[in-house]
Amino acid sequence: MSRSLTAEEAAEALGISVSSLYAYVSRGQIRSEAVPGSRRRRYDAADVQRLQSRRQLRRDPGRATREARRVDGLPGLVAGRTRIADGRYRYRGHDATEWAQHATLEETAELLWGAPVPDDAPVATEPAWSDLVRDLAPLHTAARFQAYLSFAASADPSSYDLRPAGVRRSGARILRGLAAVAAHPAEDAPPCGDPVTDVLRRGWQDLDDSGDELVRAALVLCADHELNASAFTCRCVASAGASPYAAVTGALSALQGIKHGGHTELALAQLDEVLRGTAPRTLLGDALRQGKAASGFGHPLYPDGDPRARVLLDLVRKHRPYAPAWDAAQRTVEAGRDVLSEEPNLDLGLAVVARARDLPDHAPFSIFALGRTVGWIAHALEQYGSDRMIRPRASYVGPDPATAP
């Protein structure tokens with residue numbers, strides 16, 4: 001490291017506690033190195049400065065776009081669907097946490113797509129649907145989704161209709177097809193036009209009225225979250241003129257990454273450890289000591305806590321207060337506040353919903369992906385409408401031509 005800070009200096013620069021600094025280190029956001037002959041460590045000043053800049057951008061979200069536009073070649077994207085500011089996020093002016101109290105995923109799609117989900121968009125099923133889902137069953141959920149999209153795109157002659165109405169029809173087909181894959185990984189139950197929550201209820205079987213409520217709200221809360229890695233990937237693919245099927249396939253590639261939606265699996269595994277009897281304080285402390293990320297806590301856009309997690313945990317408390325998962329969740333949240341100085345995030349919320357209703361292990365990721373599909377289609381609609389290719393420029397840091405061998 002070219003310049004480094006003590007733990008106290010780094011924590012003071014960021015306005016956080018030293019224990020919170022350790023959490024940033026465990027997540028790989030700040031590099032550190034041991035001080036020879038001492039048990040102390042030094043922390044990379046450039047990483048601290050980068051995090052300071054991010055905090056400033058959170059206080060002024062418009063600054064990022066303004067700065068991007070000042071640099072030749074950067075995309076400078078604008079989005080008119082979701083706004084994140086002041087610890088809250090809104091879908092086209094509606095507080096998303098309040099919207100999630102009553103809306104369905106289809107109503108959320110209508111809000112974000114600017115028109116109802118088309119009813120005249122029958123899903124093209126493969127001749128041997130049961131064979132298809134059986135072959136896909138051993139794969140990871142994201143891979144099953146992507147493989148299905150490849151088959152479905154080839155069977156949809158209008159997949160490259162990039163006019164708004166055409167994109168919405170493709171979006172409806174994609175959403176219904178993925179819901180069927182998530183709900184029926186090894187059953188003969190092809191896609192249909194029923195609401196996504198109804199499809200999941202039939203496939204996961206355990207859902208009752210309270211389970212419906214939990215899954216419905218989780219889907220809505222996952223629908224969009226501004227320009228994250230998967231949404232940006234979706235827009236890049238769409239900007240190249242690829243089909244909505246390809247745009248969602250690319251977004252799924254980003255979502256399954258361990259720094260994005262892949263964290264749902266780690267959060268679920270962590271919650272299962274608590275359910276098996278491991279003390280959550282021990283679990284989180286061991287993660288810090290081993291330099292591992294403690295999943296389910298903290299979010300760079302919500303320093304005071306992820307509102308999505310609050311809604312989901314409140315709903316579990318309301319509908320399943322005697323479930324072992326709710327007790328485990330309470331103890332885990334308390335440990336996170338004590339050990340990490342962090343609040344729970346969406347990943348933990350989805351894990352608790354899954355365990356409170358005894359849903360399949362893939363349910364947290366499936367809910368995340370199905371809900372976010374609505375947002376990806378909204379981003380694709382916006383990108384196709386702009387008719388602009390996303391083509392950032394790189395800052396060259398290689399050898400100078402005069403010194404190259």
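**Confidence.** I started with pLDDT (the predictor's confidence in each residue, from 0 to 100): the mean for the protein is 87, and 89% of its residues reach 70 or more. This is a predicted model, so I kept to its thresholds: local features need pLDDT of at least 70, side-chain atom pairs count only at pLDDT 80 or more, and totals for chains, interfaces and linings use all residues. Residues are numbered from 1 along each chain as its sequence is written, and side-chain values use heavy atoms, with hydrogens and water left out.

Where is confidence lowest, and where highest? I found the lowest in helix α4 (residues 62-70), with a mean of 48, and the highest in helix α13 (residues 244-255), at 98. The pLDDT is below 50 over residues 65-75, yet in the model that stretch has 18 contacts beyond near neighbours in sequence. Contact here means heavy atoms within 4.5 Å.

**Overall count.** I noted 19 helices and six strands in the protein. These are DSSP runs numbered from the N terminus: helices are H or I with at least four residues, strands are E with at least two. Of the 405 residues, 51% count as buried, with buried meaning under 20% relative accessible area (1.4 Å probe, protein chains only). I also looked at contacts between residues at least 6 apart in sequence: 72% of them join residues at least 24 apart.

**The three-stranded sheet.** I traced an open sheet in the order β1-β3-β2, with antiparallel pairing. Two strands pair if DSSP finds at least two bridges between them. β1 (4-5) and β2 (32-34) are the edge strands, each pairing on one side only. β2 pairs with β3 (residues 41-44) over three bridges, in the antiparallel sense. I spotted S32 opposite Y43 in β3.

**Helix α1.** Which residues of α1 (residues 7-14) are buried? I got A7, A10, A11 and L14. Seen down the helix axis, they fall within an arc of 95°, so they line one face of α1. That arc is taken from the directions from the helix axis to the C-beta atoms. α1 lies across β1 and β3, and runs at about 35° to β3; axes are lines fitted to C-alpha atoms, for helices over the stretch in contact, with angles from 0 to 180 degrees between N-to-C directions. Just after α1, G15 takes a positive phi of about 70°.

**Aromatics.** I counted one aromatic pair, using rings of Phe, Tyr and Trp (its six-membered ring) with centres within 6.5 Å; planes under 30 degrees apart are stacked, over 60 edge-to-face, the rest tilted. The ring centres of Y89 and Y91 are 5.5 Å apart and their planes stand at 85°, so this pair is edge-to-face. Both Y89 and Y91 are buried.

Conventions. Buried means under 20% relative accessible area, exposed over 50%, partly exposed in between (1.4 Å probe, protein chains only).
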